[in-house]
Structure formats: structure tokens, C-alpha cells
Amino acid sequence: MEATIFTVPDMTCGHCEKTIRGALAEVLPGAAVAIDLSRKSVTVAGDAAVAQAAMREAGYNPERAE
């Protein structure tokens with residue numbers, strides 16, 4: 001499955017990371033998720049639109065990385 005990289009500028013701490021990881025696990029159970037807090041990036045395998053919507057619902061502003 002193709003992975004999508006998002007930049008999440010308002011992800012600033014471990015709590016943010018945990019919240020985003022939980023939101024993604026809820027909508028894409030079992031999907032591979034990699035988070036790089038220092039780069040403010042989230043890589044997720046699965047439906048990119050669903051992942052982006054879940055992060056927005058959790059209170060973040062993810063944008064697809066170019």
C-alpha cells in the first residue's frame with residue numbers, strides 16, 4: 001500500500017504525536033504510521049484523505065508534503 005507523507009506544523013510535542021497516532025489507528029487500524037516529531041512529518045500507509053481528515057478532526061492542520 002502506498003504511503004503518504006504529511007507535514008503537520010502544529011505537531012509540537014509527544015502528546016501531539018500520541019494524539020495523531022491514536023486518531024490514525026482509529027480510522028486506519030493496522031496501517032503503518034511513522035512520525036518524525038523533529039521534522040513535523042507523519043507518514044501513513046492507507047487512504048490519504050481518510051488520514052488527513054482524522055488528523056484534522058483531532059485538531060491538527062496536516063498538509064500533504066510535496
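Gln52 lies in helix α2. Helices here are DSSP runs of H or I with at least four residues, strands are DSSP runs of E with at least two, and both are numbered from the N terminus. At 16% relative accessibility, Gln52 counts as buried. Buried means under 20% relative accessible area, exposed means over 50%, and partly exposed is in between, with a 1.4 Å probe and protein chains only. Leaving aside neighbours within four places in sequence, Gln52 is in contact with Phe6, Pro62, Glu63 and Arg64. Contact means heavy atoms within 4.5 Å.

A word on the model itself. It is predicted, so local features need pLDDT of at least 70 and side-chain atom pairs count only at pLDDT 80 or more, while totals for chains, interfaces and linings use all residues. Residues are numbered from 1 along each chain as its sequence is written, and side-chain values use heavy atoms, with hydrogens and water left out.

Stay with helix α2. Its buried residues are Ala48, Ala51, Gln52, Ala54 and Met55. Seen down the helix axis, they fall within an arc of 160°, so they line one face of α2. The arc is that of the directions from the helix axis to the C-beta atoms. What covers the buried residues? The cover includes β1 (3–7), α1, β3 and β4 (63–64).

Asp47 caps the N-terminal end of α2. One of its side-chain oxygens lies 2.9 Å from the backbone nitrogen of Ala49. Just after α2 comes Gly59, with a positive phi of about 105°.

Next, the interior. A nonpolar core is a set of buried Ala, Val, Leu, Ile, Met, Phe, Trp, Tyr and Cys residues joined through side-chain atoms within 4.5 Å. The largest one here has 16 residues. Which members touch the most others? They are Phe6, Val8, Met11, Ile20, Leu24, Val42 and Met55. Three elements, α1 (14–27), β3 (41–45) and α2 (48–57), each supply at least two residues of this core.

Beyond four places in sequence, its contacts are Cys16, Glu17, Ile20, Ile35, Asp36, Leu37, Lys40, Ser41, Val42 and Tyr60.

Start with Ile35, in strand β2 (residues 33–36). Ile35 is buried, at 16% relative accessibility. Not counting residues up to four places away in sequence, Ile35 touches Met11, Glu17, Ile20, Arg21, Ser41 and Val42. Ile35 and Ile5 are 30 residues apart in sequence, and their C-alpha atoms are 9.5 Å apart in space.

Ser41 belongs to strand β3. Ser41 is also buried, with a relative accessible area of 15%. With residues up to four places away left out, Ser41 touches Ile5, Phe6, Met11, Ala34, Ile35 and Asp36. At 14% relative accessibility, Ala45 counts as buried. From Ala45 to Ile5 is 40 residues in sequence and 9.0 Å in space, C-alpha to C-alpha.

Lys40 sits in the loop between β2 and β3. Is Lys40 buried or partly exposed? At 27% relative accessibility, Lys40 is partly exposed. Most residues other than glycine have a negative phi. Lys40 has a positive phi, near 55°.

Turn to the cysteines. A disulfide is a covalent bond between the sulfur atoms of two cysteines. Here it is counted as a pair of cysteine sulfur atoms within 2.5 Å. How many disulfides does the structure hold? The count is 0. Cys13 is in no disulfide, and the nearest cysteine sulfur, that of Cys16, is 3.6 Å away. That is too far for a bond between Cys16 and Cys13. Cys13 is partly exposed, with a relative accessible area of 31%. Cys16, by contrast, is buried, at 8%.

Finally, the record. UniProt, in an unreviewed entry, places the feature "domain: HMA" at residues 2–66. UniProt positions are given in the numbering used here, feature names are shortened, and annotations may be inferred rather than shown by experiment. Over residues 2–66 the chain is 37% helix and 25% strand. The end C-alpha atoms of that stretch are 15 Å apart.

Technical notes:
A polar contact is a pair of N or O atoms within 3.5 Å; within protein, one must be able to donate a hydrogen and the other to accept it, and residues adjacent in sequence count only if both atoms are side-chain atoms.
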